[in-house]
Amino acid sequence: MKTTRYAAREPDAEGIIHYPDSEHAVWNTLIERQLKLLPGRACDKYLDGLDQLALPNDRIPQLGEVNRVLERATGWQVARVPALIPFQTFFELLASKRFPVATFIRTPEELDYLQEPDIFHEIFGHCPLLTNPWFAEFTHTYGQLGLAASKEERVYLARLYWMTVEFGLVDTPAGRRIYGGGILSSPKETLYSLSSEPEQQAFDPLEAMRTPYRIDILQPLYFVLPDLHRLFELAREDIMALVRQAMRLGLHQPKFPPKAA
């Protein structure tokens, strides 16, 4: 597993995490600017979940506040983790309906991008949709499959997750919208993903698994669900059979240049 330069904050005896004012200020900057961009861009199911969570603007929320909403809505919880966790731990948590949240926040110098998921990305980007039963069921099933998968199979599952949960788009009666948490927590990608610049392709799980990606660039391709219920349907399909088929067929050519050494 890669090493990290971030340190997750520990809770006190009552389970409360004490963040300094400077970190609350970063949260405030991040959430205020992102809330301005979401109307007309984020899907309604995400916005519904955001309303349910009622995240504070002036401070980093405590995990217990988020848990009370998620448990009531879908039976999920968030779980405090270090900055980076192994695949095995990630799948174990999802399989037990616990979403990993690293309790650190980016620095003011990293407002626009950091390579490791911080508490803003996890809470603001992902937790709103965990109030939705379709999305929650897909995420739970994904965790169960990943837990039983081989190392090689997990790599293909990771691409499916990247192209859906992290960077997915969805068609709605109101138009094309964002549901991927990696987009919804990034102002630049929120604007870029719905522009005419990147390629947008109808969602096909087999194609998603065969599509290479880089974590450090704006995505050249986004897969578009016909509706969010498609994830619930996918959870009922034989995803591992698709993984094995993708492994036999191999990867597509990357749509991006190789990373500089």
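Visitor: How many helices and strands are there in the protein chain?

Guide: Bear in mind that we're looking at a predicted model. The protein chain has 12 helices and 6 strands.

Visitor: What radius of gyration would a compact globule with 261 residues have, and what does the protein chain have?

Guide: For 261 residues, the expectation for a compact globule is near 18 Å, and the protein chain comes out at 18 Å, so the two agree. If you'd rather picture a box, the C-alpha atoms fill one of roughly 50 × 45 × 40 Å along the principal axes.

Visitor: What share of the residues counts as buried?

Guide: Buried means under 20% relative accessible area. Here 52% of the 261 residues fall in that class.

Visitor: And which share of the contacts comes from residues 24 or more positions apart?

Guide: Take the contacts in the protein chain with a separation of 6 or more: 66% of them are between residues 24 or more positions apart.

Visitor: Let's zoom in on a helix pair. At what angle do H6 and H7 pack?

Guide: Angles over 145 degrees count as roughly antiparallel. Helix H6 (residues 133-148) and helix H7 (residues 151-166) pack at about 165°, their axes 10 Å apart, and they are therefore roughly antiparallel. The crossing of H6 past H7 is left-handed.

Visitor: Which residues make that contact?

Guide: H6 brings Phe 135, Phe 138, Tyr 142, Leu 145, Gly 146 and Leu 147. From H7 come Arg 154, Leu 157, Ala 158, Leu 160, Tyr 161, Thr 164 and Val 165.

Visitor: How many of them are nonpolar, polar and charged?

Guide: The contact of H6 with H7 has 10 nonpolar residues, 2 polar and 1 charged.

Methods. Residues numbered from 1 in each chain as written. Predicted model: local features only at pLDDT ≥ 70, side-chain atom pairs only at ≥ 80, totals over all residues. Heavy atoms only, no water. Axes fitted to C-alpha atoms, helices over the stretch in contact; angles between N-to-C directions. Helix = DSSP H or I, 4+ residues; strand = E, 2+ residues; numbered from the N terminus. Parallel < 35°, antiparallel > 145°, perpendicular 65-115°, else oblique. Left-handed = near helix turned anticlockwise from the far one by under 90°. Contact = heavy atoms within 4.5 Å. Nonpolar A, V, L, I, M, F, W, Y, C, P; charged D, E, K, R; others polar. Rg over C-alpha atoms; globule rule 2.2 N^0.38 Å. Buried < 20%, exposed > 50% of the residue type's maximum accessible area, 1.4 Å probe, protein only.
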